[in-house]
Amino acid sequence: MDPWEYACKWVPLIYGINPDERGFKDAAAREISRITGRHTGSIRNWGSQFENAPQDVRLILKMADLLNAVAKDWHFPNS
């Protein structure tokens, strides 16, 4: 999964910051770091929308997306 796509989907729900708001990219880097174990400084070097992220990160984010979706449905069945 593209890191920017993951961030736009989950950062607003987890951190309450939308893509057009100040601090979104920092929150996105923190979230990607939390999921992948990569340093936020390295993540910020992947490009303005993390377009140069390694392929393994994309696979990890896809798995995290699926797990987040299941957890969200399980915890919030009416959302």
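The following conversation goes through a predicted model of one protein chain.

Trainee: Before we start, what kind of model is this, and which pLDDT limits apply?
Mentor: The model is predicted: local features need pLDDT of at least 70, side-chain atom pairs count only at pLDDT 80 or more, and totals for chains, interfaces and linings use all residues. Residues are numbered from 1 along each chain as its sequence is written, and side-chain values use heavy atoms, with hydrogens and water left out.

Trainee: How many helices and strands are there in the chain?
Mentor: The chain has 4 helices and 0 strands, and from the N terminus its elements run α-α-α-α. Helices (H or I, at least four residues) and strands (E, at least two) are DSSP runs, numbered from the N terminus.

Trainee: And what radius of gyration does the chain have?
Mentor: The chain has 12 Å, which agrees with the value near 12 Å for a compact globule of 79 residues. The radius is taken over C-alpha atoms, and the globule rule is 2.2 Å times the number of residues to the power 0.38. Along the principal axes, the C-alpha atoms fill a box of roughly 40 × 30 × 15 Å.

Trainee: What share of the residues counts as buried?
Mentor: Of the 79 residues, 34% count as buried. Buried means under 20% relative accessible area, exposed over 50%, and partly exposed in between (1.4 Å probe, protein chains only).

Trainee: Which residues touch the most other members of the largest nonpolar core?
Mentor: They are V11, F24, W46 and F50, in a core of 19 residues. The elements that give two or more residues to this core are α1 (3-15), α2 (24-36) and α4 (55-75). A nonpolar core is a set of buried Ala, Val, Leu, Ile, Met, Phe, Trp, Tyr and Cys residues joined through side-chain atoms within 4.5 Å.

Trainee: What does W46 touch?
Mentor: Not counting residues up to four places away in sequence, W46 touches I32, R38, E51, N52, A53, P54 and V57. Contact here means heavy atoms within 4.5 Å.

Trainee: Turning to F50, where is it found?
Mentor: F50 is in the loop between α3 (40-44) and α4. Its relative accessible area is 0%, so F50 is buried. F50 also has a positive phi of about 60° although it is not a glycine. Most residues other than glycine have a negative phi.

Trainee: How many aromatic pairs does the structure hold?
Mentor: The structure holds 2 aromatic pairs. One of them is W4 with F24, which is edge-to-face at 5.3 Å centre to centre and 80° between the planes. This pair links helix α1, where W4 lies, to helix α2, where F24 lies, and the two residues are 20 residues apart. Both W4 and F24 are buried. Rings of Phe, Tyr and Trp (its six-membered ring) pair if their centres lie within 6.5 Å; planes under 30 degrees apart count as stacked, over 60 as edge-to-face and the rest as tilted.

Trainee: Why is the pair of W4 and F50 called tilted?
Mentor: Their planes are at 45°, so the pair is tilted, with the ring centres 5.8 Å apart. It joins W4 in helix α1 to F50 in the loop between α3 and α4, 46 residues apart.

Trainee: What is A27 in contact with?
Mentor: Leaving aside neighbours within four places in sequence, A27 is in contact with V11, Y15 and I17. A27 has 0% relative accessibility and therefore counts as buried.

Trainee: And N68, is that residue buried or exposed?
Mentor: N68 is buried, with a relative accessible area of 18%. N68 is found in helix α4 and touches Y6 and W10, not counting residues up to four places away in sequence.

Trainee: Lastly, where is the place of M1?
Mentor: M1 is in the segment before α1 and counts as buried at 16% relative accessibility. The C-alpha atoms of M1 and V57 are separated by 8.2 Å, although the two residues are 56 residues apart along the chain. Beyond its neighbours within four places in sequence, M1 is in contact with Y6, K9, R58, L59, L61, K62 and D65.
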